[in-house]
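My notes follow as numbered points.

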Amino acid sequence: TLVAFLIIPIIFVVGGVVLGKAKKYFQELRERVSIVTSTLDESIMGMRTIQSFAVEEESYEEFNNATLKEREITLKSAKLFAIIPGLALLIISSGLMALFFTGGILIRDGIITVGTLVAFIFYIFQFFEPIIALIGFFTLLQNSIAAGARMVNLLDLEPSIKENKNIQKIEKICGEIKYKE
C-alpha cells in the first residue's frame, strides 16, 4: 500500500507545476485572442478609411503579427496539453513498476498471493482514475478562470469616451420620410 501511494505526492507536485504553466498560457492566450479580434474588427469597420489612406499593407501586417503571436501561444498551450496525459501515465506506470517489483518480492517470500496482488492492482486503478480526471478538470478550470479574469478586467475598464453633460434632449420628432427612385 505504501509503495502504491508514494506516487500521489508526485502527481500533485507535477500537476501543480503543469497547472501553473497552464494558467499563464491561458491568460496570455485570452489576451492574444482579444488582440486578434479587436484588430480584425478595426480592420473591417475601418476598411474605407484604410483604403482611402492606402494603408492596406500596414493593416495586413498588423493583423498578421497579431495572429502569429496568438498562434505561438496556442501551440505552446497545445504542447502542454499533449504532455499532460503522457506525464500522468509515466508517473502511474512508474508507481506500478515499483508495485510489481515489491509485490513480486512479497509473493516470493510467501507473504501475499498472486490473486491478492492482482486485486490490489485493480483497486489502485480504481483509485487513480478519479485523480487523473481531477487533473483534467483543474486544467479546464484554469482556462475558465483565465477567461473570467479577462472579462472582469474588461468590465472594470473606464470608458474612453465620456458622456457629454450638455446634451440637448429631443422631445418629439415629427415629419415624413419620402423615398425617391
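1. Start with helix 4, which gives the most to the lining of the second largest cavity: three residues. Helices here are DSSP runs (H or I, at least four residues), numbered from the N terminus. A cavity is a set of points on a 1 Å grid over the protein atoms alone, where a 1.4 Å probe fits but cannot get out; lining residues have an atom within 4 Å of a point.

2. Keep the source in mind. This is a predicted model, where local features need pLDDT of at least 70, side-chain atom pairs count only at pLDDT 80 or more, and totals for chains, interfaces and linings use all residues. Residues are numbered from 1 along each chain as its sequence is written, and side-chain values use heavy atoms, without hydrogens and water.

3. Stay with the second largest cavity. It holds about 30 Å³ of space. A volume is the space filled by probe spheres set on the points, with grid points joined across faces, edges and corners. Its lining is Ala4, Ile7, Ile92, Gly95, Leu96, Ile124 and Phe128.

4. How many cavities reach 30 Å³ or more? The count is two. Ile11, Val14, Gly15, Val18, Ile84, Leu87, Ala88, Ile91 and Ile135 line the largest cavity. Helix 2 (7-45) and helix 4 (56-108) each give two or more residues to that lining.

5. Now check the classes. Ala, Val, Leu, Ile, Met, Phe, Trp, Tyr, Cys and Pro count as nonpolar, Asp, Glu, Lys and Arg as charged, and the others, Gly among them, as polar. The largest cavity's lining has eight nonpolar, one polar and no charged residues. For the second largest cavity, the lining has six nonpolar, one polar and no charged residues.

Definitions and conventions
1 Å grid on protein atoms, 1.4 Å probe; cavity = no way out; pocket = protein on both sides within 12 Å on 5 of 7 lines; lining within 4 Å.
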